[in-house]
Amino acid sequence: KGAESLLATPDSRILVTPRGSAWTGVAGAGDVLAGFLAGLAAGWKADQERGLPTRDFDALIAAGAMIHALAGAAAAGSRGPLGGPIGALDIARALPPVLGRLLAVPAGGADPVGY
């Protein structure tokens, strides 16, 4: 909640997510994160079971934590230039547009949304 998140993998890699917003330190924010990560994991597993190519699961979970942090920052940023108080629902509502902007960034290209 405002600091980098460190994720340790079974093969001893450490993945670091960027800083989030301290405003995300609210009740329910971890539930939003858990639900988002569970959805990503379920999609990954479904692709794997279908025999589709899957990416690194650990990197997917780290990306999910990063997207959650960006959603929290976006939600807080909507309250003013210094951010402002938010609730878990604000983070949940910010996830789709943040994810959409990230998916719109061309691979290897300039980042049009500032992430």
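This is a predicted model: local features need pLDDT of at least 70, side-chain atom pairs count only at pLDDT 80 or more; totals for chains, interfaces and linings use all residues.
Me: Happy to start with the charged pairs. Why are Asp56 and Arg13 called a salt bridge?

Reply: Their side chains come to 3.1 Å, N to O. The cut-off is a Lys or Arg side-chain nitrogen within 4 Å of an Asp or Glu carboxyl oxygen, so the pair qualifies.

Me: What makes Asp56 and Arg13 a pair that ties together parts of the chain?

Reply: Asp56 sits in the loop between helix H1 (29–49) and helix H2 (57–77), while Arg13 sits in the loop between strand S1 (6–8) and strand S2 (14–16), so the pair ties together parts that are 43 residues apart in sequence. Asp56 and Arg13 also belong to a network of salt bridges, together with Asp11 and Asp58.

Me: How do you know whether Asp56 is buried, partly exposed or exposed?

Reply: Asp56 has 34% relative accessibility. Buried needs under 20% and exposed needs over 50%, so Asp56 is partly exposed. Arg13, at 30%, also counts as partly exposed.

Me: Good, on to another pair. How do you know that Asp47 and Arg50 form a salt bridge?

Reply: The closest N and O atoms of Asp47 and Arg50 are 3.7 Å apart. That is within the 4 Å limit, so the name applies.

Me: What makes Asp90 and Arg79 a salt bridge?

Reply: Their side chains meet at 3.0 Å, N to O, and the limit is 4 Å, so this pair counts. Asp90 lies in helix H3 (residues 88–103) and Arg79 in the loop between H2 and H3, so the pair ties together parts eleven residues apart in sequence. Asp90 is partly exposed at 22%, and Arg79 is partly exposed at 44%.

Me: How many salt bridges does the count come to?

Reply: By this rule there are five salt bridges.

Note on methods: Residues are numbered from 1 along each chain as its sequence is written. Side-chain values use heavy atoms; hydrogens and water are left out. Helices (H or I, at least four residues) and strands (E, at least two) are DSSP runs, numbered from the N terminus. Buried means under 20% relative accessible area, exposed over 50%, partly exposed in between (1.4 Å probe, protein chains only).
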